[in-house]
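Hello,

Here is the structure I promised to pass on to you. Please have a look at it first, and then read my notes below.

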Amino acid sequence: MSSFGDKSLIPASALENPIFPRELEDEAIYIMREVAAQFERPAILFSGGKDSITLVRLAQKAFYPGKIPFPLVHVDTGHNFPETIAYRDWLVKEVGAELIVRYVQDSINQGKVQEETGKYASRNALQTVTLLDAIEEFKFDACIGGARRDEEKARAKERIFSVRDDFGQWDAKRQRPELFDMLNGRISVGENVRVFPISNWTELDVWNYIKEEGIPLPSIYFSHQRPVFERDGMLWADSEFINKDTDEIPYEATVRFRTVGDMTCTAAVLSEATELDDIIGEILSAEISERGARMDDKRSEAAMEKRKQQGYF
Amino acid sequence: MDILRIATAGSVDDGKSTLIGRLLYETQSITRDKLEALEAASKRKGLDFLDLSLLTDGLIAEREQGITIDVAHIYFSTPTRKYIIADTPGHFEYTRNMVTGASNAKVSLILVDARHGVVEQTFRHFFISSMLRIPKVIVCVNKMDLVGYSEERFQQIKQEFQDIAAKVQFSGQEIEFVPISSLYGVNITKKSDEISWYLGVSLLETLEKFDDQVKTDSSHAARFPVQYVVRPKTEEYHDYRGYAGRVASGTFSVGDEIVVLPTGQRSKISSIEKFDQSLQHAHARESVVISLETDVDVSRGNMLVKAGEEPTQLREISAQVCWLDYQALTPGKTLLLQHGINDTKAKVLALEELINVQTLEKSENPAQLKLNEIGGIRLKVAKPIFADTYQENPSNGAFILIDEFSHATVGVGFMN
């Protein structure tokens, strides 16, 4: 695989006409440095998706030539795409970061959460418990996440430093005002902070940044052949983790994924996009929003806000 | 590509959410699934048109009450520029959110309902825009459809606004007036026939024309707060010591003679780096790592400034403060003061005056400063800070106040 930030990966179009607003990178690097300075035990929440990969790039740049001064934490549902796991293991070696993995399966074995049943069964919601346990185990006081305000309406109101109580809960009405670029990370015992350095980025900004930085991505973001089946007008990767109805018959299709959650909640889109420029072209003409391919948001109009109140990042 | 940050404000029901929805809709920033969800939600409400306000009214409580209660950030772009809107609520109880949302804005959009004209809220919003020294204010006279697109009514509102604005407008602050109808998309992204008497351009074109570079922070005195000291301690970078930070204002260049505050030590800039790139200059808002020629003691919270441009050392501060907390501020209270990335304990020596934002009347020595109130205060700080006046250099002239026990951000101050 190429290196992280491989200049040979940058298409000529991006070198000639860069369009990513660099002010967003300056802002994110400033936030990363505030986290390192204001907290004792920060961590990056790493999912293997493009947003958390972007966070790793920003952290690498913020502390260069030093190493990233905090670990990457991956909450593994056990239902990840194998391509994501392979990429994760390569990336931590490449940037010399520490990796901590905690498993939803362990939370299930400990009886802390119960596996969902039925055809929509997913471990997505169960992640929250495993994450909160990891925060307690390592006494993380700040968890850096790749959430963006343009993703969803409840996230549009999220702060850059978002204080959570003992139970990891988000209270929209008790949020601290954030003025100018002054970040207040002071917390009481038991509280912790979720930090969102790419709050002000849109999906397109992330893709343009990846392109202009020469960042390699997990292969599932690009067009490939795989067996899929249809459900609720969307395409799902056929895997042992999804309970199919008898009439849900898998077939081969040329697809890619726009977000990389776990296999039970991330739908594929038909796509011939094999290059970053093709992907960006698809987004510009997009018919469906990024989170539109996420089953977890569709459960109700206020699904995201409710999950955030419960401690989801 | 540059970014333009806009703050929007208006009273309840003057159609701010619809205006933003309209901007998103007409710049094709809404995907099909979101549009379909919008159609369905509009139908459920019994409407026969697209309720664009539903795009931005995010939180459950807001949907229940039908008002916007917090700062929401909304994004759209044109081929030339990325826009970030901080949409802040109009309700007067939420002044704190407006100050918050507007604190990063270069343009303030103020909505006026063409039927009601300039109301109490309108002046409050303008007052805050001026207090924050936002260089451009665009007054959108909305719901022009409901006054028959009357030029006379528009001119009347313009005059009313100018009359009250003159009291707090600062020199260099521009005010423009645009007649619009958010509901019907009149004059939002393109000029419409309904208002042929209007010789100006549409709202979006007004925004596109705004030259952000005119009033850039780069023209102010150079200030570099040190956020983090990079010491890799690896074989390759054995003696490396770089000072990481974001240029608050001005420009730094390799070879510049600098002073470290508060120690007063002098040195010269030997290099400016941005990841693996070496730069000759670092401009305002850029995150870089600066190295110095000589071995001086620099740590987080110190500030590098150019020799000859040192700010005043302050042990006592006189400032205008907007109070953001339910528990009122009283004289004698001890707080934490955060100026940029630096902080110190501070004690309130006196509340000197309370400003009535409607009448601009000042009452002297108020007993307290309540939530959403603005007043002049005097503070003593435990360690000296190096600030400019907010008027001179906003990036180095503002601070926040933090409660020592709850750790909440309870106030924002502007140095006099």
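How far apart do the C-alpha centres of domain 1 of chain A and domain 2 of chain A lie? They lie 24 Å apart, with domain bounds that come from an automatic or database domain assignment. That assignment gives chain A a domain 1 of 21–209 + 302–309 and a domain 2 of 218–291. The contact between them takes 23 residues from domain 1 of chain A and 20 residues from domain 2 of chain A; two residues are in contact if their C-beta atoms, placed from the backbone, lie within 7 Å. On the domain 1 side of chain A, α4 (82–95) and α7 (203–213) each supply at least two residues. The largest share of that side, 4 residues, comes from α7(A). By class, the side of domain 1 of chain A that touches domain 2 of chain A has 5 nonpolar, 11 polar and 7 charged residues. Here Ala, Val, Leu, Ile, Met, Phe, Trp, Tyr, Cys and Pro count as nonpolar, Asp, Glu, Lys and Arg as charged, and the others, Gly among them, as polar.

Before going on, some background. This is a predicted model, in which local features need pLDDT of at least 70 and side-chain atom pairs count only at pLDDT 80 or more, while totals for chains, interfaces and linings use all residues. Residues are numbered from 1 along each chain as its sequence is written, and chains are lettered from A and ligands numbered from 1 in the order in which they are written.

On confidence, the model scores ipTM 0.93 and pTM 0.92. The mean pLDDT (the predictor's confidence in each residue, from 0 to 100) is 87 for chain A, where 89% of the residues reach 70 or more. Chain B averages 90, and 93% of its residues score at least 70. Where pLDDT is low, the predicted coordinates should not be read in detail.

Now the chain A sheet. Helices (H or I, at least four residues) and strands (E, at least two) are DSSP runs, numbered from the N terminus, and two strands pair if DSSP finds at least two bridges between them. In chain A, 6 strands form an open sheet with mixed pairing, in the order β3-β2-β1-β4-β6-β5. β3 (99–103) and β5 (161–164) of chain A stand at the edges with a single partner strand each, so one side of each has no neighbour in the sheet. Neighbouring strands of this sheet are turned by 30° against each other on average, direction ignored. Axes are lines fitted to C-alpha atoms, for helices over the stretch in contact, and angles run from 0 to 180 degrees between N-to-C directions. Within the sheet, β1 (residues 42–45) and β2 (residues 72–76) of chain A pair in the parallel sense over 2 bridges, and Leu45(A) stands opposite Val73(A).

Helix α2 (residues 22–38) and helix α3 (residues 50–63) of chain A pack at an angle of about 75°, with their axes 9 Å apart. They are therefore roughly perpendicular to each other, a label used for 65 to 115 degrees. Among the residues making this contact are Ile29(A) and Met32(A) of α2(A) and Leu58(A) of α3(A). The contact of α2(A) with α3(A) has 6 nonpolar, no polar and 3 charged residues.

How many residues of chain B are in contact with chain A? There are 48, and they touch 42 residues of chain A. Strand β2 (residues 72–77) of chain B provides the largest share of the chain B side, 4 residues. That side divides into 23 nonpolar, 12 polar and 13 charged residues.

Chain B itself is divided into domain 1 (2–213), domain 2 (218–306) and domain 3 (312–415). In chain B, strands β18 (residues 334–339) and β19 (residues 342–355) pair in the antiparallel sense over 6 bridges, and Gln338(B) has Asp343(B) as its bridge partner. Their hairpin has 2 residues between the strands, and Gly340(B) takes a positive phi near 65° there.

Best wishes

Methods. Parallel < 35°, antiparallel > 145°, perpendicular 65-115°, else oblique.
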